[in-house]
Structures are given as structure tokens and as C-alpha cells.
Amino acid sequence: MLAVRPVPLAQGVPMTQALVDGCVLSANYALIALGITLIFSIMNLLNFAHGQMLMIGGFMVYYVYGVFHLPFALGLLAAALVLGLIGAGFERFLFRRVLRVATREENSMLLAVGTALLLENVALFLFGEKQRGVPETVSGVVQFAGAFLPYQRLEVFLVALVLILGLLYFVQYTRPGRAMRALAQDRDAARLMGVNVDRTAMMGFAIGAGLAGLAGGLLVTVQGVNAGIGTDISIKAFIMIMIGGAGVVGGAILGAVVLGFAESIGYAYLPGSLTYLLIFLALILFLVIRPRGIMGHPWG
Amino acid sequence: MADQPPRAAGRTLAGFAVFALVLLVVVPLALASQPYWLTVFSNAALLALGSLGVWLTFSIGRINIAQGAFTLVGGYVTAILATRYGISFWVCLPLSAAVAALVGGLVGWPILRLRGVYFSMITLSLTSTAGLLFLNGGALTHGAEGINNIPRPAVLSSNLAFYLASAVLLLLGTAVIWRFAHSRLGYVFRSMRQNEDLAWSLGIDVARYRILAFVVSSAMGGIVGAMFAISQQSIFPSSYTVNDSVTFMLYCFLGGLDYVAGPVFGAFLLVIAFQLLSAIESYQALLYGVFMIGCMLLRPNGLLSLVLAPPGAEQSS
């Protein structure tokens, strides 16, 4: 089910291999968690369709790079743009309206679940059920301390790292980034300070969705993609948020690192589906002790 | 009922009587010779029962996406007890409800402290956890192969009998939930939905009541799982997935969260509509998505809000 296993590892793999895989996985997961956190903190909305957006990003790279043989970078750009447009459209035509008139919190959440179902089934209709992969963008493997690191995964890791740093810089130091943080803190105060709330919210949703698309575009080079992976990815994103705390950038990265290493170590030493079972059970126990995650604010 | 104007109570009772009459007399008479449609109505009745449980957790302000997990638990309890120990279904059914309720209580105690999106995220994960748990259950659950050849009690072997059993369970479930919603407990639940801290400050034992709601909901999920287990005579870890949990929720929303009749109406409407329009059945999941979005955009209080006034309108301050 949840076992989208990166590289088949034999029993008794060296610990360094699990750690190297954990690093690559964590960087990728951080992209996912940051996107969903951006949307959550700006709109106070949980993007249930995040996994489906990632899946569509994967298919964009599959078509641009895998089928039409255009450069990989162009595929990533297409993934970011298409998802950015989808995100902006969702905000403009669905969520803005419902968030304004909603009398119960459930309304916007159900709308989000509806968009997830919609995207998944449109993708199923357009792309079919098959598992798709793309050829390597770089070949070769580097070996150190008993661990193998294909250049492909090194590339994924580095691109993800650059994107994360870029996002952090954007949110921290640029004008629209500051507007987003202001919106996350206090919508009304931000409006009074002259922030164009509607436009900033739309931009935030577009960037969050675009990050999901980029993460999907990177992931397709190592894991492939199929139309059904969305829900599992969304669940992983939720686990990261629950560990780190919803709406906190530091928490999202922390949650991604915890889940990335837990998953890679688990897959190296445990039989298949047991890893996620243990992760879920540990998560429930963790939430008993700390319901709002490591860095989250108290609810309400 | 005491806190309702007598006329309104009488109307509700009359509505329930009509509903019972339709379920137990009209439908069986009309469909007696059409086993296929009886199965469709049985499915609708059972799905409605599961949604009623989800509705109850909605009434305390929790978005419960875990009903698929409890359906799975109920199904496996019946499957294991019936195939391994040959226990009669009439013992398995209450045991399925009891085990699902117990699991609901144990899991609910920690996770019900979470609110809003946190609660819905963890319940969503719970549905996946249940599937993984049964996948790793070893000889007890037979992993991915699942459990087959679950015996169906002789009394329920005909489609008509199975339908009647489902209908009776649905009526009982509706009566229980209606009683919950219109007693003092209903007001307690509503006060918790509006402001849990305020309810707590008024001396309401919030922790106990929210577990009560979740346990009742889980028990109903368990009953649904047991019934589906003997109707399909097999169960797998993937029998109920996150999508099923979402569907239970959708029925509640489509009918309307303010009415006990909401989830029942929503379930029957969607299940029967999709059977009638079998040409579009392959687009079912897509249309569910469109329904959810359309419902939120056009009728955020559910379809029943077209014909019914919101309850509590006559006594709202």
C-alpha cells in the first residue's frame, strides 16, 4: 500500500545505506511538507489534494521528459507551472468563495476532499492506471562507507535542497513572502496594512501546489508514478505535519526528516508493510503525549 | 422529546413511521421478485447505518474519516469467529459491534483530544493503519489473501431476508441516533461542537461525552462490517480504504449535517442514483468529487435544507 520502496534493499544492509536513503527521502518529503504547510498557514486550510497534485507533477515530467524527450528541467518547469495554475484556480474559484460563506469548518475541508477525488479521477481518465517511469537523467553511482548513492538520487537531493532554501529565502526576505507571513499571522491586520489579501492567498496556494508538482517531478525519476499514489502521499504529508506541528515551517522540515529516516531505516530492516504500521502506531502514541506536534501552536 | 413542541415531535414520529413503512413494507413488496435491486437497497441501508455513526461524531464537531477502519474491524471479527471457531452469526454480530466499540474507545481516548484538521488527519491515517494491521495479521487474518468462505446464516440466505435484516438494523440505528440528537445529550453534543472549552467550563464532562459519541459511531461501523462480511462472504485488508471512509462522510454532507435523516437520505440517493445510471458507474468516484464540490458551493447545508427548516430554528436565540 504505502510501500513506495525506493531501492530494494537486502536484509543486513549497512546502516550508512539507510542513512543516505533517509537524507534523499527527507529532502523530498520536506518539499511536500513545506507546500502543504504554506497553504495551511495562509488559508487555514488542509490541502487534501496535495498528494494528487504531486502525482500530476510526476506525470508532467513523464510526458515532457519521458515521452517527448525534452530536457528534464523543462519537465520540472512544466510541472511547477501546471500545478501553480491548478492551485491558483482552486483558490480563486472554489476555496475563496467557500471560505467566505462557510458557517462550519467542515465545509472547506470537504471541499478539499472533493478536489482530491476530482484530480485523482481526472488523472485516471487522462493518464490511465499504468505505473510510469522515466529514463535516468544522469547515470552512474558513487560509493562510500559501504553505501551506494546513484547520481540520480544525488541530483534529486540537491535540486530539492536548492528549492527548499529558495522557498525559505522567498518567504523570509521578499516582499510577497512577507505579505504571506503577515496573512498567516493575522488576516485582518494584514489587510489593514495594505496587503492585497486575495492576491497573496492565491499566490500562496499556487506556490504550495507548485511545490507539490516539483516534488512529484523529482520523485518520478526514482520511484515512477501512477494515478493512485495521491492518497498515500497525502497521508505521508499529514504524518509529517502531525509530527512537526501544523502551520510551522520548522515543524514541516523536522517532520519530513523524522519520517524520511524512519521510513528508510524501517524499509532496510523490517519486512515491507510493517514499517508504516509501526510509524502509525508510534504516531498515535506520540500524539497522546504531544497532541500539537513538536513545534505546533496549541489548537484554537 | 420533552424539550420539543409536541407538534414537531409528532411530525418527526410520523416521518419515522412512514420511513419504517417504506423500508419494511413498500420496498419488499415492490422489489420481491428483483433480487438485484434488493441487494442494492441492502447496500444503501448498511451504508446509511455507517454514515449515521459518522454523523454522530460530526455532531460533536469532529470530522471522522475513520469509519472504514471500524467497518474493517467488524468484518474481520465476524470473519475470524465464524470461520475459525464456527460461532453463530447472531453472536458474531454483537461481538463485532462490541470489538469495534472497544477499539473506538481505546483509540478514541488519545485522538479525541485533537480537534479540527488534526483529528481528521489522524482518523484518515487510522483507516490506512487498520488495513496494514490486517495485512500483517499472520495466520489469523491470512494477509493479503483475506478470509474467504465466510458462512452466511441460513435465515439470511435469501436476498429478501438479508434486506429486511439490514433495514431493521438501519431503523434501530436511526432511532438510537435520533434519540441521542433530541435528548439532553443532543444539546450537550451541540454545545461541544460550538465551543468545547465553554461546554467544559459549564461542568460538562467533555472527554466522556466525546468518547461516547465515537464509541457509538465505531460500533455502528462494526455492525456494517459484519453484515457486509456475510453478504460478500469474504474480506480483505483492502476491502475498505480511505475512499470508503470519505464516502461515508460524503453521504452525511450531501443529506445535511443538521438532520438525522441527512446521512440516510444521502446514502440512499447516491447508491440508488448510481445503480439507475449504470452507464456512468465507471465515473462514480469522479462524480463523487464533483458532488462534493458542487454541494459545498451551492448547498453547504445539504440537500435536505431545500425542504426542511434547520432544526433548532424555532428555539434559537
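B:Cys252 is a buried residue, with a relative accessible area of 0%. This cysteine belongs to a predicted model, in which a search of the whole structure finds 0 disulfides over all chains.

**Cysteines**

- A disulfide is a covalent bond between the sulfur atoms of two cysteines.
- With 0 disulfides found over all chains, B:Cys252 is likewise in no disulfide, and the nearest cysteine sulfur, that of B:Cys295, is 11 Å away.

**Overall fold of chain B**

- The C-alpha trace of chain B spans about 55 × 45 × 35 Å along its principal axes.
- Of the 317 residues in chain B, 56% are buried.
- Among contacts in chain B with a separation of 6 or more, 80% are between residues 24 or more positions apart.

**Aromatic rings**

- Over all chains, a search of the whole structure finds 22 aromatic pairs.
- One of these is the tilted pair of A:Tyr267 and A:Tyr276, at 6.5 Å centre to centre and with 50° between the planes.
- Both tyrosines are buried: A:Tyr267 has 4% relative accessibility, and A:Tyr276 has a relative accessible area of 2%.
- The ring centres of B:Phe58 and B:Phe253 are 5.2 Å apart and their planes stand at 85°, so this pair is edge-to-face.
- B:Phe58 lies in helix α2 (residues 35–59) of chain B and B:Phe253 in helix α10 (residues 242–255) of chain B, so the pair ties together parts that are 195 residues apart in sequence.
- B:Phe58 is buried, with a relative accessible area of 1%, and B:Phe253 counts as buried at 2% relative accessibility.
- In chain A, ring pairs link A:Phe59, A:Tyr62, A:Tyr63 and A:Phe127 into a cluster.

**Charges over rings**

- B:Arg190 places its charged end over the ring of B:Tyr187, 4.8 Å from the ring centre.
- The charged end of B:Arg208 sits over the ring of B:Tyr209, 5.3 Å from the ring centre.

**B:Thr123 in helix α5**

- B:Thr123 is found in helix α5 (residues 116–135) of chain B.
- At 0% relative accessibility, B:Thr123 counts as buried, because the cut-off for a buried residue is under 20% relative accessible area.
- A polar atom of the B:Thr123 side chain lies 3.0 Å from the backbone oxygen of B:Ser120.
- When neighbours within four places in sequence are left aside, B:Thr123 is in contact with B:Ile63, B:Asn64, B:Ile65, B:Ala66 and B:Ile111.

**Residues with positive phi**

- Most residues other than glycine have a negative phi.
- B:His142 has a positive phi of about 60° although it is not a glycine.
- B:His142 lies in the loop between α5 and α6 (159–181) of chain B and is partly exposed, with a relative accessible area of 42%.
- B:Gln233, also not a glycine, has a positive phi of about 60°.
- The loop between α9 (206–232) and α10 of chain B holds B:Gln233, which counts as partly exposed at 34% relative accessibility.

Key
Residues are numbered from 1 along each chain as its sequence is written. Chains are lettered from A and ligands numbered from 1 in the order in which they are written. This is a predicted model: local features need pLDDT of at least 70, side-chain atom pairs count only at pLDDT 80 or more; totals for chains, interfaces and linings use all residues. Side-chain values use heavy atoms; hydrogens and water are left out. Helices (H or I, at least four residues) and strands (E, at least two) are DSSP runs, numbered from the N terminus. Buried means under 20% relative accessible area, exposed over 50%, partly exposed in between (1.4 Å probe, protein chains only). A polar contact is a pair of N or O atoms within 3.5 Å; within protein, one must be able to donate a hydrogen and the other to accept it, and residues adjacent in sequence count only if both atoms are side-chain atoms. Contact means heavy atoms within 4.5 Å. Rings of Phe, Tyr and Trp (its six-membered ring) pair if their centres lie within 6.5 Å; planes under 30 degrees apart count as stacked, over 60 as edge-to-face and the rest as tilted. A charge sits over a ring if NZ of Lys or CZ of Arg is within 6 Å of the ring centre and within 35 degrees of the ring normal. A disulfide is a pair of cysteine sulfur atoms within 2.5 Å.
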